[in-house]
Amino acid sequence: MYLYNLTLQKATGVTHAVHGNFSGGKQQEVLLSRGKSLELLRPDPNTGKVHTLMSTEIFGCVRALMAFRLTGAAKDYIVVGSDSGRIVILEYNPGKNSLDKVHQETFGKSGCRRIVPGQYFAIDPKGRAVMIGAVEKQKLAYIMNRDTQARLTISSPLEAHKSNTLTYHMVGVDVGFDNPMFACLEIDYEEADMDPTGDAAQRTQQTLTFYELDLGLNHVVRKYSEPLEEHANFLVSVPGGNDGPSGVLICSENYLTYKNLGDQHDIRCPIPRRRNDLDDPERGMIFICSATHRTKSMYFFLLQTEQGDIFKITLETDDDVVSEIKLKYFDTVPPATAMCVLKTGFLFVASEFGNHYLYQIAHLGDDDDEPEFSSAMPLEEGETFFFAPRTLKNLVLVDELPSFAPIITSQVADLANEDTPQLYVLCGRGPRSTLRVLRHGLEVSEMAVSELPGNPNAVWTVKKRIDDEFDAYIIVSFVNATLVLSIGETVEEVTDSGFLGTTPTLCCAALGDDALVQVYPDGIRHIRSDKRVNEWKAPGKKSITKCAVNQRQVVITLSGRELVYFEMDPTGELNEYTERSEMPAEIMCMALGTVPEGEQRSWFLAVGLADNTVRILSLDPNNCLSPCSMQALPSPAESLCLVEMGHTESSTAPANTDEDAPPQRSAGNKGTIYLNIGLSNGVLLRTVLDPVSGDLADTRTRYLGSRPVKLFRIKMQDAEAVLAMSSRTWLSYYHQNRFHLTPLSYETLEYASGFSSEQCSEGIVAISTNTLRILALEKLGAVFNQVAFPLEYTPRTFAIHPDTGRMLIAETDHNAYTDDTKTARKEQMADEMRCAAGDEERELAIEMANAFINEVLPEDVFSAPKAGLGLWASHIRCLDAMHGQTMYTVPLKQNEAIMSMALVKFSIAADGRYYLVVGIAKDLQLNPRISQGGCIDVYKVDPTCSSLEFMHRTECEEIPGALCGFQGRLLAGCGRMLRIYDLGKKKMLRKCENKHIPYQIVNIQAMGHRVYVSDVQESVFFIRYRRAENQLIIFADDTHPRWVTATTLLDYDTIAIADKFGNLSIQRLPHSVTDDVDEDPTGTKALWDRGLLSGASQKSENICSFHVGEIIMSLQKATLIPGGSEALIYSTLSGTVGAFVPFTSREDYDFFQHLEMHMRNENPPLCGRDHLSYRSSYYPVKNVLDGDLCEQYLSIDAAKQKSIANDMFRTPNQICKKLEDIRTRYAF
């Protein structure tokens, strides 16, 4: 078996985020690391919408990310610490829309190792030096400079190693232009290591250490070190030089401390807590991330606590000595991994879990009545300040980036009966958890919908002048009339536009610089800018049936076959070309391309005929309307569209000034001209039109739907795109170096045109039955559009009820209260408030207590209270996934945690009903793992799934970690015991068990008489159930340990296994393996006869291995597109959805294997990791090809593309076609 790895949805979780001017100019961008890829975002300062400029896989693990700029430079560089053992400096190239490698310096082994640097980065704020550190021992400093050509240079590394030292965090201290200084949080464990009693480990203190890089002597000195009172988790650098006092803020448990060298004494301030918090009072509070904003005149810090509350922190100075720290509650947003304050007044929040947000900072919170806390306020040791959280006041949400991370589990199913299956994904953590239904398609935002007096049959938009920014009119054609609407603040009907209203219209367009043209069945109406109208009448009884128009040309068909061609002369008149041309069959459709810049005309006309052909005619004045080429079609063409797509310059490059505009569009940069052909059987063809000879080549086909395909040319991101309408509407566009053909998640449309107004610069105006709709597509490049339904606790697993399609979801949270406990705890705290008050304050206290009980802060914003370790809350939810409606929930008692769940039919019940079996752990502590045993609850499911009836509970001495239906009974993995249970009246009855699984059962699959059991660390055991002897016998196992997270059966002998280190492996039983083995009944087996490698006597063989690089949480064999083939669909913790697709022929495999090999050599990964060693991180990669690497072929420069294609005896187009084909055969 040979597989090809395809990523369908890139990772959505963010591990690091930095901001800066990466493209030069005034714009601010945010660079995100998504684990193993880098993505550049640009928030639009006017609309606040976030646009993705580019995204690239780096085939490595990003451990640290920083932006820096050399003094006096105008753009920022990016320095990346990864698992490659190299420091890499990148620069964004806006012309090519890619990240280019400026420097790559090797310093250590590859892999995420303890003593190889790359985990921490610190940058001198003036951009003169960078320090890169490991978790233990090693630190290296590099000096940055520039050469005579102003190119960045990097020195050889200077060592600052210290043995037996663990590093927690490091930052560059702002010292102006003095020698660069770095501050590190360290701990020296030498004494603790030597002392067997453990006393030294208790006494060891964390230290704050300053390292100075002496630029004169070119070495690093350990300048100063002092022990810290509390354990700190990170440092924030304070602006220095002329801007501030320099030094660092130390964020530690419950305290924020300011330290600096010299005669500065420490300033400490406790971290404020929420008033009347339900959290465990013994629990410390820490800051988890920070953002610094500095301008020429001021600076402040935003620090976020683990509950999500942001504090604004300012420092009061007295002659460059800090006298107090001031904290003020700012706002509450979801807990973040990184926050960036942009110069444009935005705050970007990359959430730990769930969607990421962009906020506008509306107020700085200086003049509100929120209390300000200061380190100068007198407090007892151990006391702190209290504040009341509230809804957003200083921040305004402007955009939301959907994120599926973390995906807990997922399933492909068509519960909505839409032909195309949906992906049901459980994601998130705690009260921010959601069930998301993903559908392949672009999200459409509806700007306006208005009813029309009848059912229109066509719509167009036109501008009054060619250089107008926005459209002036919308023209709607009916069966016997034409309606003209003018676009302004509102859209209203006008009658003085010059268009003929008493006839249906075939086509409208802007002509020349400032004229309009209307083609209707009886003639052509040319409307000049001064409202003069020239008419051309159709001769005799003939009428115009089809037409094609662009800025300078008009082509019409008279009575079916006769072509008449008009071209605009320099005075702006339309002139008919003398000869008319008769076609051999009836003309079904026609298309003209847009007039290329600087030319008089589009050189070709495409005509679709009833004899199932498309013909290309030349419009060259010397041989006008003479045929150039022809292509036969499988069925008649319904519509044609000529577009120029695929510019090599980026469509996202900043707008050019006029002086350098012409060189931008040099001959090499022009896009390719594509002829899109929509057929009457619902198929779209895309062929390349040769711009010189008019030949057609390289046809791609795609089935779109059951209705004939109509095509419309529109503008998307300043480039041409095609809207194709069949039973669904699709958009074909070119985005980030590749073609996308994506359906719109919207109802069926009948006719459309591009639309541009002040409110919506790039929209679509479309008609559907008797309505006119104005739509906008914002999230280009997105694969899925999603509907999210909120959940209360972290979802663990779900089952779909086969008869009704309803979902049963098990939700469980650690460190959480159930609703009952929460209410009881609130009552208890309210009583304490009432009792604590004296007589005078009694009434006030009662009022406050009642207010406290009634106050409900939404937990999805303000986080759920942390109850303490070993406290669990769970419930079972039944959800109608079509409407997102929760039918009912079944709450469990406090400290009962759902570990597993299965929907089973019992043969003994003989009622044909489904039973929901739930495995529960009682009073589970995670570390060390202690529990009070577990139990198995059984619920009877109503046939309509509208209620669960509790049957009984069966106690177990171990936790039931996995459940599965098997031959009308239940298989349960209780701890390391595998048992078969049957349904009894009062409890489950134990029928059979196997005690030979080594550690703990985490997953059970069953097929026929075989059971496939996954152990937490010893991979999969193949077990045969022998009914006659009532025995479960292990007949085969795996040769390698695997920490299993998900498995799925591919067939009776083959199982796919994902492990917690991000590997996928496929194990197959060889033909020689028999499951008909006897366990020795006498028990006298000799020691040397116990099987292989202290396991079973037969072994499975590994047929595929691949390192995905993210933890796979679910695996499923499914088809994603109607009529497609089966693939292995996976989803990962970081929010990736991907597929492993099987090769159907050996030659395909050879082709992609060669392409992968060439790509490894020609286009090595950006951050210096070797691609082959990355994909073989744990087990050597075997029989799996990396589609992500192969698809980078589409974005490398043309010369490289050509040389690879020549080596493979192909053309670049053929390779692109292969890459597109394998994608569309299985997925999208």
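Start with helix α11 and pick out Ile 1215, Cys 1216, Leu 1219, Ile 1222, Arg 1223 and Tyr 1226: these residues are buried (under 20% relative accessible area; exposed is over 50%, partly exposed in between, with a 1.4 Å probe and protein chains only). They sit on the same side of α11, because they cover an arc of only 130° around the axis (taken from the directions from the helix axis to the C-beta atoms).

A word on what you're looking at: this is a predicted model, where local features need pLDDT of at least 70, side-chain atom pairs count only at pLDDT 80 or more, and totals for chains, interfaces and linings use all residues. Residues are numbered from 1 along each chain as its sequence is written, and side-chain values use heavy atoms, with hydrogens and water left out.

Now select all of α11, residues 1212–1226. Its 15 residues reach 22 Å from first C-alpha to last, close to the 21 Å expected at 1.5 Å a residue (1.5 Å times one less than the number of residues). Helices here are DSSP runs of H or I with at least four residues, strands are E runs of at least two, and both are numbered from the N terminus.

Next, colour by domain: domain 1 is 444–647 + 671–782, domain 2 is 820–854 and domain 3 is 1143–1226, with bounds from an automatic or database domain assignment. Between the C-alpha centres of domains 1 and 2 you'll find 71 Å.

Last stop: the open, antiparallel four-stranded sheet, ordered β38-β39-β40-β41. Its edge strands, each pairing on one side only, are β38 (458–462) and β41 (491–493). Zoom in on β38 and β39 (residues 473–477), which pair antiparallel over five bridges (pairing takes at least two DSSP bridges).
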